[in-house]
Amino acid sequence: MKEETIVLDEQKLRGGYYTPKEITDFICSWAIRDENTKILEPSCGDGNFVEASINRLLEIGVKQKDLYGKIKGIELFPKEAEKASLRANNYGLNSDTIINSDFFNYISNNSDDKFDVVVGNPPFIRYQNFPEEHRTIAIQMMEDLGLTPNKLTNIWVPFLVIGSSLLKENGRLGMVIPAELFQVKYAGQTRVFLSNFFDRITIITFKKLVFDGIQQEVVLLLCEKKVKDAKGIRTLEVDHLDDLKRIDFNKVSKSEVKIIEHNSEKWTKYFLNKDEIELLRKTKAEGNIPVAKSIINCNVGIVTGRNEFFMMKQSQVKKWDLSKFTNKVVSKSNHLSGIIFNDKDYKNNSESDLPNALFLPPNVDFEDLPNECQDYIKYGEENKFHTGYKCRIRKNWYVTPSLWEPAGFALRQVNGFPKLVLNQVNASSTDTIHRIKFISEEYSAESITVCFLNSLTFAFSEITGRSYGGGVLTFEPTEIEELLIPVVENHGIDLKIIDDLMRDNEIEKILDIVDKAVLIDAYGYSQKEVNDFRNIWKKMSSRRMNRGKSAKLKKK
C-alpha cells in the first residue's frame, strides 16, 4: 500500500503495492472452505488474489473445468486487468472472469450479486485524489449503508464496507487494510459498521513492516458474518510473513475473543487482554476521574506557513538585526526537557543556537515597515517563502496569526510518554507543540502538570493517541482533552523534584511518586491496579516503539 500526494498518475490512483504471495495464500486458505464458494476480488490489480483463490479451490478438490463462475475480479486499470486475465486464462478461465471497470460503478449496476468470500488489498488513496466520477458513486453507496463519509475518508474504507455488504449470510471477508483502521477518526464509523455487521473479527498484525519501500503499517482483517460461538474480536501478532504458514486456525478458534464495543472508539485497546480491557472500561465508566477537557483547553500551536523563514536562530536574529521584531517560541519537543520551561531553558536553547525566535514584524503594509524588516522580507521573497498556501492567503504574508502565549504546552508527538509543561517565559509554540490553557478553578496549573504523570493517564494515552509505522505516538488537541487526569490539589509532591527527575529521564521514579500520592492515597486504587495500569502502558508503548525500530531498520 502507498499514499502519494504529488501527481495524479496510474500508480497513485492504484494506491497500492502488489500483495505478497504469503498473504494472498494465507487469506484465501482461511476464507475459502468448500467447493461451492463464490469469490469476489474488488480491486484485483494484476491478479495475485485471483490466482491464490484459484489455487485454493484446486487444493480443496475443485476440478479445473469447474472453476468457471466461481471467481470474479474487478480492476479499474486496463493494463492491470489484462495481466489478471492472462493469469486466469492459464487455468482455463475465460476473459469475463476479470471485469475491467470501476468497482463501485460495476456493483451499482449489479447490486444483486452476492458472494461467499470477498478478498483483496484495496487501494489506499486520499478522498480528494480519487476520480470524482468513481468517488461520487462510492460515497452514495456508503450513505445507503448508513455511513456519512467525509473528505478525510480514504478510499480503502468504501472498498471494505461495500465489499462486506456483498457477502452472503455465512460469508467471510479477508483484506489487507492499513493499521489506521484501529485509530484514525475517519475510520470510526467503519469500526462501528464492522462490529455490527460481523459476528467475529480476527486481526493479524506484524511486528515488522511487510511491504518493501514504504512505512505504512498494514493488518490482515479476517471477518466472519455469522458464527455460532465465540463472538467478538481477537488480535494475533506475528513477526513476519513467513509466520503466516505456521498459524493453526483450529487452535486460533479456541483462543481468547474479546467482547467488542459497538462504538467509534479506537481498536488499539484490543491488543490488551480481557482483564486489562475491563480495567480501562471500568475506570472510564466510574466517572470519578476528571477528563482533561474539564480542566484544560488544548489548541494547536502557531502555523507559520514556512518555519524556515519565520523560525529564527539567535545567530540569524543578530545577523538581520531583528531582536525588536521577534517573539519567544518553542519549536520542538526536545527543547522542553523538564515539566517547567523557564528562563534558563530559553537561554540554553539560545546559546545552542536552536530556532527559538519567531519573526514578527508590525502588521502594516510593506512600505511602512522598518528597514530591518523590509530587508528580511525581501530575502524571504527572493527565496519564494511567500508562495506557500498559508502565506498566500494572508493580507500580509509576513505576519503570522494566532500568537497568543499559553500557560503550558502539551507534546504533539512523543516516543516514551506524554507530558504537560508549564510555560514560565511567555513563549508561544509552533504547531509541533500544542498550547494549553488551564481552566480549572479547583486545581492549579502546577498540580495538573504534576498529576498528569501517572500510570493511569499513561495507560489511556496509548489507546487515545495514534501511532503509525514509525513508532511515534501522536495526539491531536481533542485527543489530549480526552485523557483522564486524576488530579488532587494537596498532593504533597515537590514540583521541582519532579522537574529535576524529568530532566534526568527518571520516569519510573516519577511514576512511583505520583502513583503513590495520587492514585493510591488520593483516589484509593490498590497497588495491584496501579501495577496493572503501569503494565498496560509498558506493553503498549513497547509494542509501538519496537515497530518504530523495525521500520527504521527496514528503511536503512
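**View 1. Strand β4 and strand β5 (residues 167-178) run parallel and are joined by five bridges.** The strands here, like the helices, are DSSP runs numbered from the N terminus, with at least two residues (E) for a strand and at least four (H or I) for a helix, and two strands pair if DSSP finds at least two bridges between them. Within this pairing, Gly 120 stands opposite Met 175 of β5. The model is a predicted one, in which local features need pLDDT of at least 70 and side-chain atom pairs count only at pLDDT 80 or more, whereas totals for chains, interfaces and linings use all residues. Residues are numbered from 1 along each chain as its sequence is written, and side-chain values use heavy atoms, with hydrogens and water left out.

**View 2. Strand β4 (residues 115-120) is mostly covered and also runs parallel to strand β1 (residues 39-41).** Five of the six residues of β4 are buried, a term that means under 20% relative accessible area, with exposed being over 50% and partly exposed in between (1.4 Å probe, protein chains only). Two bridges join β1 to β4, and Ile 39 has Val 117 of β4 as its bridge partner.

**View 3. Strand β14 (residues 408-411) has buried residues pointing both ways.** Gly 408 and Ala 410 point one way, Phe 409 and Leu 411 the other, and all are buried. In a regular strand the side chains alternate between the two faces of the sheet.

**View 4. Strand β14 pairs in the antiparallel sense with strand β16 (residues 420-423) and with strand β18 (residues 433-438).** Three bridges join β14 to β16, where Leu 422 is the bridge partner of Gly 408. The pairing with β18 extends over four bridges, and here Leu 411 stands opposite Ile 433.
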